[in-house]
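Please keep the coordinates open while reading.

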Amino acid sequence: MCVFFLILVFLICRIMEIEYMNLEDNLNVEESQNLEVVLEPKVGTIFNSEDEAKECYSSYAKSRGFGAVVKASKKRDNGVKSNITYGCHRSGKPRTTALNPVKSHPTAKINCKAGMNISLQVDGKWMLNSIELNHNHEMDPEKVKYLKCYRSIPPHSMRTIELNTAAGITLNKIIASCEIEAGGPDNLPWTNKDARNYKDKKRRSELKEGDAEAMHKYFVRMQKDNSDFFYAIDHDEDYRLRNVFWADARSRELYKEFGEVVTFDTTYLVNKHNMPFAPFVGVNHHGQSILFGCGLILREDTDSFIWLFETFLSCMFDSHPNAIITDQCRAMQNAISQVFPNTRHRWCLWHIMNKVPDKFKNYDQYKPIKKSLKNAVYDSLNPEEFEQNWANLIQQFDLQSNDWLAGLYEGRHRWIPAFLKDIFWAGMSTTQRSESMNSYFDGYIHSNTTLKEFVEQYDNALRKKVQKEEEEDARSLNFRIQNVSPYKFENQFQQAYTVAKCKEFRDQVALKIGCNLTIGPVVNGISEFHIEQDILVGKKKDICKTCTFLVHFNEESRETNCNCRLFESRGMVCTHMISVWSKKKLEVVPDKYILQRWSKSLVRNHTKIKISYVNWTLKPEFARYDSLLKLFNEAADKAMYSIAKTDRMAARLREIKAENDLDDEECVSNMATVGDAEIDMESFQDKSFTLGDPNKGPRRGRPPTRRKQSVAEQIIRKNAKSNKRVQCSGSNANTKSDVEVYTHAMGFDGIITQEGETVAPSQGSVGYLGTWSYDLNESPFHLGHDYRKFSSKFD
């Protein structure tokens with residue numbers, strides 16, 4: 001009976017314990033749900049410690065979108081703090097330490113009065129004495145994470161950096177690893193500017209499925225996650241990939257806002273299939289490069305470019321760009337004229353001028369020719385002046401028979417700046433915007449990169465661009481460029497433009513120092529001004545050239561036009577217009593000269609679209625591991641500074657480990673984990689066909705003959721010039737044939753036994769893979785043949 005009573009008491013206690021634990025869990029859930037609601041601090045609030053008061057105000061500041069800083073504090077004679085004043089990060093008066101005010105850095109200080117004051121009480125607690133909640137500036141809680149007061153590297157991240165640095169891993173890859181650990185860059189308490197070189201950890205050396213098919217399924221999954229994700233695949237009759245284009249939802253929305261000018265370039269070879277990378281790139285309101293979409297094409301011919309441009313146009317809601325910049329590729333030019341007939345096509349100026357040394361290095365007057373050519377291209381202010389300078393160049397150096405210059409002159413309206421000032425180019429004149437975008441893939445992409453890996457890397461590049469834009473948005477919201485002139489209209493640009501564009505405007509104001517204004521006649525209410533400006537030209541900017549610009553000013557509408565056309569081509573008012581406005585004592589300039597494109601306050605639709613940071617290849621067990629590791633790091637950061645806390649945490653971990661060792665339960669899942677949800681990937685894969693890998697296509701242009709030669713080729717050429725002969729004697733059984741000697745000299749272990757047979761290289765061999773064709777009865781060593789006489793048919 002006694003035993004029965006004890007058992008009954010034990011069961012009742014156990015039931016009560018379970019109910020208490022459930023009640024405690026429910027309370028914890030409710031508390032966690034209420035954590036996001038941050039109340040305003042009230043006068044009279046008592047804090048147990050200084051840290052509690054600081055945490056309270058910091059949490060409130062972060063929820064409202066400003067930074068919390070310590071403005072002032074007082075100490076007693078014994079060194080103990082007795083009074084502390086917290087304030088906004090924009091408190092205080094703006095100050096500059098720069099000797100040259102034109103080069104001063106942006107400042108966040110605008111004398112914001114918001115803050116709170118606490119004082120130490122007799123019982124050792126702190127009381128809130130006064131508080132000011134009103135600010136004199138805008139705030140954004142989503143961008144507060146970029147403020148310095150909220151950015152810090154926790155100890156476990158520092159330890160990770162130390163260990164990986166000791167192992168020889170680059171810093172960019174370490175930061176990228178930390179982003180994955182945190183679940184995305186938004187979850188990191190510090191910025192990751194160097195993370196563009198992040199290498200995908202989940203790279204698989206061998207794919208169970210075909211490379212192109214894996215890429216196709218990746219696109220299907222991305223479109224399942226966001227229906228506005230766009231992709232198009234072009235394949236041949238055997239379902240082998242030929243061309244592909246894709247763009248995410250955010251990039252498509254970006255094109256609506258900044259798609260007037262596009263640069264397009266295909267000089268970046270990225271993958272094992274020799275498919276050139278073709279990014280469509282533009283410029284945002286900060287002057288940063290932005291991605292509109294990406295393509296991979298097998299052949300750089302007119303048909304491929306037509307397919308790519310038509311697909312791009314379909315993706316971008318059939319909206320043609322006003323202008324496009326490419327290199328001089330004839331196939332591109334044909335495709336653009338057909339698909340974008342009303343788009344202004346510009347050749348990349350850098351690519352053209354980069355060819356000058358190759359075209360004229362054999363001329364005795366190479367340096368004078370180069371100098372005169374640059375003067376005609378860069379220093380001609382209008383088409384008439386260019387025509388005169390070009391004619392002088394041709395006549396002075398007797399270049400009438402130069403076909404290259406004749407071709408450039410025929411297409412002068414596509415690349416000479418003097419002919420291109422009548423249309424908006426957003427400050428771009430070359431395809432280097434596209435080439436700079438390639439840097440986001442450096443370190444990830446190499447000759448063996450698969451297609452699927454490449455399109456996944458596109459997400460990484462896009463992520464970095466979004467983060468940079470958000471950082472600049474936060475910078476423009478919290479900082480401003482100080483005025484450098486007494487003109488009131490400068491405030492219009494300061495309040496409207498982003499920091500980057502305010503700097504451009506400030507530079508134009510500063511250039512006014514070198515301008516001399518002369519008043520001309522007034523005809524029908526239109527005033528004419530002649531402005532002489534001293535401009536530094538030449539390679540070293542050591543030659544001063546005086547140029548005269550003509551500005552017309554409408555006295556009634558205040559419309560201003562300058563023949564330098566800087567406003568029309570770059571969207572920025574020039575120093576000549578500023579000179580006229582200052583002369584006319586204008587306080588407010590017409591709104592047409594403050595472009596909404598550069599505005600910092602305009603709410604843009606693309607910022608409302610979030611990018612998915614989902615790692616589709618993450619296995620469920622790795623996702624669970626990352627979740628547990630995150631919890632451990634947070635606990636370890638707080639326990640590591642206390643021996644007692646460290647011992648207590650270690651003891652509990654040992655208990656958990658012992659429990660897990662006794663538990664033999666195995667959890668097996670075939671589902672792909674995305675966050676806390678599980679998605680059956682097979683349910684939405686397109687099974688209509690299997691996409692085959694592409695055949696390697698030829699690169700644009702003629703086959704390279706002046707390429708870098710191997711040591712063996714240099715020996716062959718040297719022997720040919722000196723007419724040396726390599727004597728091969730003996731029987732076929734004991735002596736290598738002429739062909740064998742040649743193939744081994746080229747770094748191939750395989751032996752060619754008949755014409756047209758494929759060479760089989762060994763691992764680590766040097767040379768080209770392919771099918772080699774030449775007469776087996778003639779050895780290149782015996783006959784002294786130039787290696788370039790042999791034809792190669794690459795696979």
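Which residues form a nonpolar patch on the surface, and what is their accessible area together? The patch consists of Phe632, Leu653 and Ile656, with about 250 Å² of accessible area together. Patches are made of residues with over 30% relative accessible area and no salt bridge; nonpolar side chains (Val, Leu, Ile, Met, Phe, Trp, Tyr) are joined within 5 Å, like charges within 9 Å. Accessible areas come from the Shrake-Rupley method with a 1.4 Å probe, and for residues only the protein chains shown count as cover. Leu653 sits in helix α21 (residues 643-662). Its relative accessible area is 38%, so Leu653 is partly exposed; buried means under 20%, exposed over 50%, and partly exposed in between (1.4 Å probe, protein chains only).

The model is predicted: local features need pLDDT of at least 70 and side-chain atom pairs count only at pLDDT 80 or more, while totals for chains, interfaces and linings use all residues. Residues are numbered from 1 along each chain as its sequence is written, and side-chain values use heavy atoms, with hydrogens and water left out.

Some totals come next. The protein has 795 residues, of which 43% count as buried. Its secondary structure comes to 24 helices and 21 strands, where helices (H or I, at least four residues) and strands (E, at least two) are DSSP runs numbered from the N terminus. Of the contacts (heavy atoms within 4.5 Å) with a separation of 6 or more, 63% are between residues 24 or more positions apart.

An open sheet of 5 strands runs in the order β1-β5-β4-β3-β2, with antiparallel pairing. The edge strands are β1 and β2 (68-75), each of which pairs on one side only. Two strands count as paired if DSSP finds at least two bridges between them. Strands of a sheet pair through backbone hydrogen bonds, either parallel or antiparallel. Strand β1 (residues 46-47) is joined to β5 (residues 126-132) by 2 antiparallel bridges, and here Phe47 stands opposite Trp126. The antiparallel pairing of β4 with β5 extends over 6 bridges, including that of Gly115 with Glu132. The hairpin of β4 and β5 has 5 residues between the strands, and Gly124 in this hairpin takes a positive phi near 90 degrees.

The largest nonpolar core has 42 residues. Such a core is a set of buried Ala, Val, Leu, Ile, Met, Phe, Trp, Tyr and Cys residues joined through side-chain atoms within 4.5 Å. The members that touch the most others are Phe493, Tyr497, Phe505, Val573, Met577 and Trp581. Elements supplying at least two residues each include α16 (489-496), α17 (499-510), β15 (526-537), β16 (543-554) and α19 (575-583). Leaving aside neighbours within four places in sequence, Met577 is in contact with Thr560, Cys562, Phe567 and Tyr593. Another core lies apart from this one; it has 31 residues, among them Tyr255, Met332, Ile336 and Val339.

The structure holds 15 salt bridges, each defined by a side-chain nitrogen of Lys or Arg within 4 Å of a carboxyl oxygen of Asp or Glu. Asp140 and Lys143 form one of them at 3.0 Å, N to O, and both residues are buried. Asp234 and Arg242 form another at 3.1 Å. Asp234 has a relative accessible area of 13% and is therefore buried, whereas Arg242, at 34%, is partly exposed.

In the salt bridge of Lys592 with Glu559, the closest N and O atoms are 3.6 Å apart. This pair links distant parts of the chain, 33 residues apart: Lys592 is in the loop between α19 and α20 (620-639), and Glu559 in the loop between β16 and β17 (560-562). Lys592 is partly exposed at 44% relative accessibility, as is Glu559 at 33%.

Most residues other than glycine have a negative phi, and most peptide bonds are trans. Arg558, in the loop between β16 and β17, has a positive phi of about 65 degrees although it is not a glycine. Lys585, in the loop between α19 and α20, has a positive phi of about 60 degrees and is not a glycine either. Arg558 is partly exposed at 37% relative accessible area, while Lys585 counts as exposed at 68%.
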